[in-house]
Amino acid sequence: MINYNELGVVNTKQMLSRALKERYAVPGFNFCHLEQVQAIIQAIVETKSPVILQILKSDREYIGPKLIPNIVKGLVEYAKDLGLEKPQIALHLDHGDTLELCKNCIDDGFSSVMIDGSHLPFEENIKLTKSVVDYAHKFNVTVEGELGVIAGAEGYKYSKISTYTEPEDVINFVSHTGCDSLAISIGTAHGSYKFTAEQCEKDERGVLVPPPLAFNVLEEIERKLSDFPIVLHGSSTVPQDKVKTINLYGGKLKDAIGIPESQLAKAAKQAVCKINIDSDSRLTMTASIRKFFAEIPYEYDPRIYLAIARDDMKEVYKHLISNVLGSANKL
Ligand code: 13P
């Protein structure tokens, strides 16, 4: 059993309560490989931001469960080495699907876990979430629950459509489970294909504009659960310059549309104090590497093209932190 304090990480309690009070959102950035997480750490050092490093069940299997605590311990030292005296980094399980997986992660030094019972009937979601809370709180580990269905792939399950969170359910859910934060569904979706072209409108330049998030649902939830941390999943912005680069160099991404930055910034000023972003960095890395090989086909040293991809990802993370989520200078 590894206590997360040994890794130098923190749980999400203080981070989220400060974000809630000061009206910004802490980034929940997923990672599954070294260059990606180096880019995240470099970005939080340069912007002086807290961060929640999150790992999907599939990421955990991809990396190797026993490597994770050692990598994360090294990352805390890396952040200090780059100049952050007291980095605020949480290690979080994203979309945990069973009590057993959550327990294994807690035993491996995770400081925070999500238990996603959103596909279950309400009472069963409460039961599963409470069982995770009961275990996690013994070790001061924070727990994120979910109510409502977010479209796209959520780790192990897939839904074509969103079902908004029912504001009537939130008090009941939070009080019966004791969870520390709540992921809600207000129209975001996982992945790079969040909306079909038919769901969008065209602006005067012919650019597809997705439907706005359901801020009325968020505001209703905020009224019911005052001062409670809300989490937004599926919040990649799907940068159109990256999509264009991918398609220019042989990719075939059709109608890849994200959540507009202005909508995320607006949510971050409300009760949303953790915003999850994964696909933006996947797109950025793919764009960088496709462009690199199209222009320099004779190169084969991964350090050269991975370093370029890492720098590009860092810029995307810094932009999100500074200009969208508002978590810069919040250490
Ligand atoms: P994106 O696919 O929009 O990056 O969302 C990631 C996410 O919500 C992880 O839980």
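Predicted model: local features only at pLDDT ≥ 70, side-chain atom pairs only at ≥ 80, totals over all residues.
H190 is buried, with a relative accessible area of 16%, because a residue counts as buried when this value is under 20%. This residue lies in the loop between strand 8 (181–184) and strand 9 (201–202).

**The annotated histidines**

- UniProt, in an unreviewed entry, lists H95, H190 and H233 under "binding site".
- The side chains of H190 and H95 are joined by a polar contact of 3.3 Å.
- H95 lies in strand 3, an element that covers residues 89–96.
- How accessible is H95? Its relative accessibility is 1%, so H95 counts as buried.
- H95 also has a polar contact of 2.9 Å, side chain to side chain, with D116.

- D116 is placed in the loop between strand 4 (112–115) and helix 6 (122–138).
- D116 has a relative accessible area of 0%, and therefore it is buried.
- E146 belongs to strand 5, which comprises residues 142–147.
- E146 is likewise buried, because its relative accessible area is 0%.
- Which side chain makes a polar contact with the side chain of E146? The partner is S118, at a distance of 3.2 Å.

**The surroundings of the ligand**

- There are 15 residues around the ligand, and those that come nearest are D94, K194, G234, S236 and D278.
- D94 has a polar side-chain atom that lies 2.6 Å from an oxygen atom of the ligand.
- S236 places a polar side-chain atom 2.6 Å from a ligand oxygen atom.
- D278 takes part through its backbone: a polar backbone atom of this residue is 2.6 Å from an oxygen atom of the ligand.
- How much of the accessible area of the ligand does the protein cover? On its own the ligand has 300 Å² of accessible area, and the protein covers 96% of it.
- Two strands each supply at least two residues of the shell around the ligand, namely strand 3 (89–96) and strand 12 (272–277).
- By class, the shell consists of 10 polar, 3 charged and 2 nonpolar residues.

- A25 sits in the loop between helix 1 (13–22) and strand 1 (26–30).
- A25 counts as buried because its relative accessibility is 0%.
- Where the chain folds back on itself, sequence distance and spatial distance can be compared directly: A25 and C273 are 248 residues apart in sequence, while their C-alpha atoms are 3.9 Å apart in space.
- Leaving aside residues up to four places away in sequence, A25 touches A268, V272, C273, K274, I275, L325 and S327.

**Loop residues with a positive phi**

- Most residues other than glycine have a negative phi.
- R23 has a positive phi of about 65°, although it is not a glycine. R23 is placed in the loop between helix 1 and strand 1.
- Which residue has a positive phi of about 50°? The residue is D255, which is not a glycine.
- D255 is found in the loop between helix 9 (240–248) and helix 10 (261–268).
- At 29% relative accessibility, D255 therefore counts as partly exposed.

Conventions
Residues numbered from 1 in each chain as written. Heavy atoms only, no water. Helix = DSSP H or I, 4+ residues; strand = E, 2+ residues; numbered from the N terminus. Buried < 20%, exposed > 50% of the residue type's maximum accessible area, 1.4 Å probe, protein only. Contact = heavy atoms within 4.5 Å. Polar contact = N/O pair within 3.5 Å; in protein donor to acceptor, adjacent residues only side chain to side chain. Near = heavy atom within 4 Å. Areas by Shrake-Rupley, 256 points an atom, 1.4 Å probe, with all protein chains shown as cover. Nonpolar A, V, L, I, M, F, W, Y, C, P; charged D, E, K, R; others polar. UniProt positions renumbered as here; feature names shortened; annotations may be inferred.
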